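Then let us walk through it together, one piece at a time.

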Amino acid sequence: MGVKDTTAVPVINKKASINRQTIAPKIASGHGLDVDDHKVTVGQSFSQNAKMTMRNVNVFYGDKQAIYDVNIDIAKNEVMAMIGPSGCGKSTFLRTLNRMNDTVEGCRVEGDILMDGENLYAPKLDVVELRARVGMVFQKPNPFPKSIYDNVAYGPKIHGLADTRVDLDEIVESSLRKASLWEEVKERLHQPGTGLSGGQQQRLCIARAIAVSPEIILMDEPCSALDPIATAKIEELIEELSQNFTIAIVTHSMQQAARVSHRTAYFHLGKLIEVNPTEQVFTMPEHPLTEAYITGRFG
Amino acid sequence: MSKQTENLVKIQHSLKRRNRSEARFRWYGRLAVFIGLAAVATLFFDIIGKGHGAFKATYIKLEVHYDQALIDIDNLTDTEQMIAGNWQALPKVALREKFPNVSGRSDKRRLNNLLSSGAGFDLKDRLVANPHLLGRKESIWILADDDIDTYFKSWLAGDAYAARLSSKQVQWIEGLHQQGLIELQFNINLFTRGDSREPEQAGIRGAVMGSLLTLVLTLMLSFPIGVAAAIYLEEFAPKNKWTDFIEVNINNLAAVPSIIFGLLGLAIFINFFHVPRSVPIVGGLVLTLMTLPTIIITSRAAIKSVPPSIREAALGMGASKVQMVLHHVLPLALPGMLTGAIIGMAQALGETAPLLMIGMVAFIVDIPGSFTDPATVLPVQIFLWADSPERAFIEKTSAAIMVLLTFLIIMNTSAVWLRKRLERRW
């Protein structure tokens, strides 16, 4: 496969090769926004310190194309936020990173997705290993209908990470601590995980994901089912986790993206429009579509 | 009148109509439920009314002398002697002693007919169990003949049915009754014996054992195969024309009349594979064929009802597909699968037609002890008894139906209980 040498790719700051004047009136009139007006992603989509590298990625569901020609790097220990209107392909994009799309009938991925230079879609790659290295937290908290302990211990158990019961206990405790859930559940580790509140359940899912020490954690709108207080806790947690993990988070809340992420990627109708440092995206968006979205003109 | 008040009048008018139609609908529902319950109640009243008598049997108390010379034996352990022994003489002599005035061939025969034709062998069994009785006398309750039983029960109920008895027999029974030497006792034979041509000696033990053996085999075969097929079709098989074709055909199989499965079993298992006839193995195989579609369909529904988020969570953790199924999907789907299996088993328990085709309709006296012994099953036993001419089989038939219904109710209740018990909420 034509694997590109990703380390050689310089940090580019591509200027938008588009004419603001031609798009601005269309936005102002509220219709006729056309993604085809731009050909390349604007902003800083590449990194020299890339953990994940995606080149010319196209995703299809049957005949329908969901993602068009995405090029992006996710750097080590970075929190990358994916924003965009509903149906723009950000969740699809996220799910290509641990091949959860494999479970969808008729889903096809083209292009190169590399983790540390290794092609995720290479035929000899084992998805079980990949998913141990790329953890995932889902939109709706989905703890197993088992005890809190068993939820967290599940990953280490199936991957054989703990040799003794003591090791396992340690992994469970440290994972729950990292997910700042330990203090709340240490007295009831053997009660069902489904008995926790929504926010606690989501932190349990995060603890479950980090129990196998993945390199990357994918979060698919992890707070969309939670109240503001639980959301704040998860956001705090994401910040802490970013010290040890690379995090890619899809969110519907622009405030959340602004609060937790280092870089933000804006998707529109399956195309990656802009990637820039979060601060810049929310203060000085480079692309008129991004601007239109974050100022609430559509979404 | 403003638009609003105009609308309000219309709404109030239509409201009356709607309320009326709702009330009417409720009454239709109640009526439907009532008809259903009434049908079930009628069925139960009828069956219990006819069958309760079979749980009691008429016994006559006699003084029996285990006379060595009369039986013509001297050693209870000598098989040949035991077989050749004149056991039938024991109750006859005892009766004659009770009624010394009876003379004449036909009267003596009528007297002997008071007791069950198996009475002598019952005494033999008693003697074998209690060897010290040899040569002694004992006062013992002896099973009466089925005609006596029918008469005595109807006579006690105030509606004597004496059509098959002579007037002398009626007198003797009245005499015995005055002395307290004839009475109804719990009919243990019903539960401990196999089938018999003599109604008073016939029991359902053989049929119950046959049903049990057949069902055990059916469950052992159909549950694993059905669950495995369901898991494969739901979780692993690609969705294409082939799996659609298979799905349609499984649904078709579930609707195939059961007698067709019997013919299939006859053609394949007996004629081709030469499995012996009338045995629980072949019954179990045929009922497996019949139950499989039910189990596959209910198991698939149970697997489908497991939320996809659980599968995603497991796969997202790096569980392989088999681990996902075994650790998460199967435990959650198991209550539904078990319910389906029990309902399938209940259906198999009540099945008669396919078993007629494979020879399980035979008259079998011995109680089957293994999968290869000739056997019959409860519903077939009911069919056989219902077909028998003796009047005493009427209540036997109803009693067997009661036993069958009891098993069915137990199975269905346990299905509900299991589902409640194992059901997890998520």
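In strand β3 of chain A, A:I67 is the residue that stands opposite A:V59. Keep in mind as you look that this is a predicted model. The two strands involved here are β2(A), residues 50-61, and β3(A), residues 64-75, and they pair in the antiparallel sense over 8 bridges.

What do β2(A) and β3(A) form, and how many residues lie between them? They make a hairpin, with 2 residues between the strands. One residue of that turn, A:G62, has a positive phi of about 65°.

Strand β2(A) also pairs with β5(A), residues 107-115, again in the antiparallel sense and over 8 bridges.

| Strand pair | Sense | Bridges |
|---|---|---|
| β2(A) and β3(A) | antiparallel | 8 bridges |
| β2(A) and β5(A) | antiparallel | 8 bridges |
| β1(B) and β3(B) | antiparallel | 5 bridges |

Looking into the pairing of β1(B), residues 56-65, with β3(B), you can find B:I60 opposite B:I182.

Now for some helices. Two packed helices are described by the angle between their axes and the distance between the axes. In chain A, the axes of α4(A) and α7(A), residues 198-210, come within 7 Å and cross at roughly 30°. The crossing is right-handed. From α4(A), the residues A:I148, A:N151, A:V152, A:Y154 and A:G155 take part, and they meet A:L204, A:A207 and A:R208 of α7(A). By type, the residues of this contact are 5 nonpolar, 2 polar and 1 charged.

Next, let us see where the chains meet. In the model, 20 residues of chain A are in contact with 17 residues of chain B. On the chain A side, α3 (127-133) and α4 (148-159) each supply at least two residues. The helix α4(A) gives the most to this side, with 4 residues. Sorted by type, the chain A side has 10 nonpolar, 6 polar and 4 charged residues.

Chain B can also be read as domains. Its domain assignment gives domain 1 (3-52), domain 2 (54-194) and domain 3 (205-422). The centres of domain 1 and domain 3 of chain B, taken over C-alpha atoms, are separated by 37 Å. Domain 1 gives 4 residues to the contact between these two domains, and domain 3 gives 6 residues. The domain 1 side of that contact holds 2 nonpolar residues, 1 polar and 1 charged.

Finally, how confident is the predictor? Chain A averages a pLDDT of 85, and 86% of its residues score at least 70. Over residues 1-33 of chain A, though, the pLDDT is below 50, and this stretch has 41 contacts in the model beyond near neighbours in sequence. Chain B averages a pLDDT of 91, with 99% of its residues scoring at least 70. In chain B, confidence is lowest in helix α3(B), residues 79-84, at a mean of 85, and highest in helix α10(B), residues 205-236, at 95. For the model, the scores are ipTM 0.82 and pTM 0.82.

Key: Residues are numbered from 1 along each chain as its sequence is written. Chains are lettered from A and ligands numbered from 1 in the order in which they are written. This is a predicted model: local features need pLDDT of at least 70, side-chain atom pairs count only at pLDDT 80 or more; totals for chains, interfaces and linings use all residues. Two residues are in contact if their C-beta atoms, placed from the backbone, lie within 7 Å. Ala, Val, Leu, Ile, Met, Phe, Trp, Tyr, Cys and Pro count as nonpolar, Asp, Glu, Lys and Arg as charged, and the others, Gly among them, as polar. Domain bounds come from an automatic or database domain assignment. Axes are lines fitted to C-alpha atoms, for helices over the stretch in contact, and angles run from 0 to 180 degrees between N-to-C directions. A crossing is left-handed if the near helix is turned anticlockwise from the far one by less than a right angle, and right-handed if clockwise. Two strands pair if DSSP finds at least two bridges between them. pLDDT is the predictor's confidence in each residue, from 0 to 100.
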